[in-house]
Protein chains: 2
Amino acid sequence: MDTAGLEILGEEECLRLLADVPVGRIVYIDRALPAIQPVNFVVHGQSVVIRTAARSRLAIAATGTVVAFEVDEFNDNCVRHGWSVVAVGRAGQVTDDQELASVRQRGLRPWAPGTREYYLRVDIEIISGRRLRHADAPAGP
Amino acid sequence: MDTAGLEILGEEECLRLLADVPVGRIVYIDRALPAIQPVNFVVHGQSVVIRTAARSRLAIAATGTVVAFEVDEFNDNCVRHGWSVVAVGRAGQVTDDQELASVRQRGLRPWAPGTREYYLRVDIEIISGRRLRHADAPAGP
């Protein structure tokens, strides 16, 4: 348990949960202000890979900086029951041809229309997670 | 539509969506790094109010700074269908007795055990939202 009374998740479980959800949120600093954007992604080795447009705010502001990447799941019927995982690491463009081919094979389909051929990779340096499970919440996975 | 092909939501709809979900994510800068934490909250006037502990990282790092507050909803069966809303504004502690009484009446129940008598208010200065609805996605609200 942490100081807030939440269950601390181990690294292995954090990585498992991260790989198990389709949508995450990338958190970065854009012009000195905190910014957040929901994205779909794939876990590729020890990295999270996102597909975006080269001229997007995300690509411009996040590339070369340390970002956070968050996933969570809360029970619709009981918000006092859920978990969240946050990975922190440096974000960089995938430029290596072999790596690009490998990432493309993972079938990362961009959400929005338009050319989105910028692959942003977040190398996970720290990953941490918490689970909230109240006595009045149903038992879950 | 924005440059990424997503539908831009109007301010009124953003506020309606914000008030309609139980869980959001507060995004702040903690020791020069982007940080994110899922929280429950209430919308109180033109503000979002979160209950936390006075000694939490959130209270310490976010108070007096500009933060982002994000809510979203993606269809479990079709991640290419959903919406997200981001509010940006300055965060400050609620200290006024009348305001505290009013916020407490809203029944903001803290998630985690322990003393959590620090009410952090984010005054919404900018709110924006996007909806993603693909041709192959089912029609939704």
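**A walk through the model**

Guide: This is a predicted model. In helix α1(A), the buried residues include C14(A), L17(A) and L18(A).

Visitor: What arc holds the buried residues of α1(A), seen down its axis?
Guide: The buried residues of α1(A) line one face of the helix.

Visitor: What pattern does chain A follow along the sequence?
Guide: Chain A has three helices and eight strands. Read along the sequence, they give β-α-β-β-β-β-α-β-β-α-β.

Visitor: What share of the chain A contacts with a separation of 6 or more joins residues 24 or more positions apart?
Guide: Chain A has 141 residues, and 55% of them count as buried. Among its contacts with a separation of 6 or more, the share from residues 24 or more positions apart is 69%.

Visitor: How many salt bridges does a search of the whole structure find?
Guide: Side chains of opposite charge can pair when their charged atoms come close. Over all chains, the number of salt bridges is 26.

Visitor: How many residues apart in sequence are the parts tied together by R131(A) and E13(A)?
Guide: The side chains of R131(A) and E13(A) form a salt bridge, 3.0 Å from N to O. R131(A) lies in strand β8 and E13(A) in helix α1, so the pair ties together parts whose separation in sequence is 118 residues.

Visitor: Which residue forms a salt bridge with R131(B)?
Guide: R131(B) counts as buried, at 7% relative accessibility. The closest N and O atoms of its salt bridge are 3.0 Å apart. The partner is E13(B).

Visitor: What is the relative accessible area of E13(B)?
Guide: E13(B) is partly exposed. Its relative accessible area is 24%.

Visitor: What N to O distance is found in the salt bridge of D72(B) and R25(A)?
Guide: Both D72(B) and R25(A) are buried. The N to O distance of their side-chain salt bridge is 2.6 Å.

Visitor: In which strand of chain A does R25(A) lie?
Guide: The pair crosses between chains. D72(B) sits in strand β6 of chain B, while R25(A) is in strand β2 of chain A.

Visitor: Which residues are linked with R25(A) in a network of salt bridges?
Guide: The network draws on chains A and B. Linked with R25(A) are E70(A), D72(A), R25(B), E70(B) and D72(B).

Visitor: What is the angle between the planes of F41(A) and F69(A)?
Guide: A pair of aromatic rings is described by the distance of the centres and the angle of the planes. Over all chains there are two aromatic pairs. F41(A) and F69(A) form an edge-to-face pair, 4.8 Å centre to centre, with a plane angle of 70°.

Visitor: Where in chain A does F41(A) lie?
Guide: F41(A) is buried, as is F69(A). F69(A) belongs to strand β6, so the pair ties together parts 28 residues apart in sequence. F41(A) lies in the loop between β3 and β4.

Visitor: Are F41(B) and F69(B) buried or exposed?
Guide: In chain B, F41(B) lies in the loop between β3 and β4, and F69(B) in strand β6. F41(B) and F69(B) are buried.

Visitor: Why does S56(B) count as buried?
Guide: S56(B) is in the loop between β5 and α2 of chain B. Burial needs a relative accessible area under 20%. S56(B) counts as buried because its relative accessibility is 16%.

Visitor: Which side chain does a polar contact join to that of S56(B)?
Guide: A polar atom of the S56(B) side chain lies 3.0 Å from the backbone nitrogen of A59(B). The side-chain polar contact, also 3.0 Å, is with T52(B).

How values were computed. Residues numbered from 1 in each chain as written. Chains lettered and ligands numbered in written order. Predicted model: local features only at pLDDT ≥ 70, side-chain atom pairs only at ≥ 80, totals over all residues. Heavy atoms only, no water. Helix = DSSP H or I, 4+ residues; strand = E, 2+ residues; numbered from the N terminus. Buried < 20%, exposed > 50% of the residue type's maximum accessible area, 1.4 Å probe, protein only. Polar contact = N/O pair within 3.5 Å; in protein donor to acceptor, adjacent residues only side chain to side chain. Contact = heavy atoms within 4.5 Å. Salt bridge = Lys/Arg side-chain N within 4 Å of Asp/Glu carboxyl O. Phe/Tyr/Trp six-rings, centres within 6.5 Å; stacked < 30°, edge-to-face > 60°. Arc of directions from axis to C-beta.
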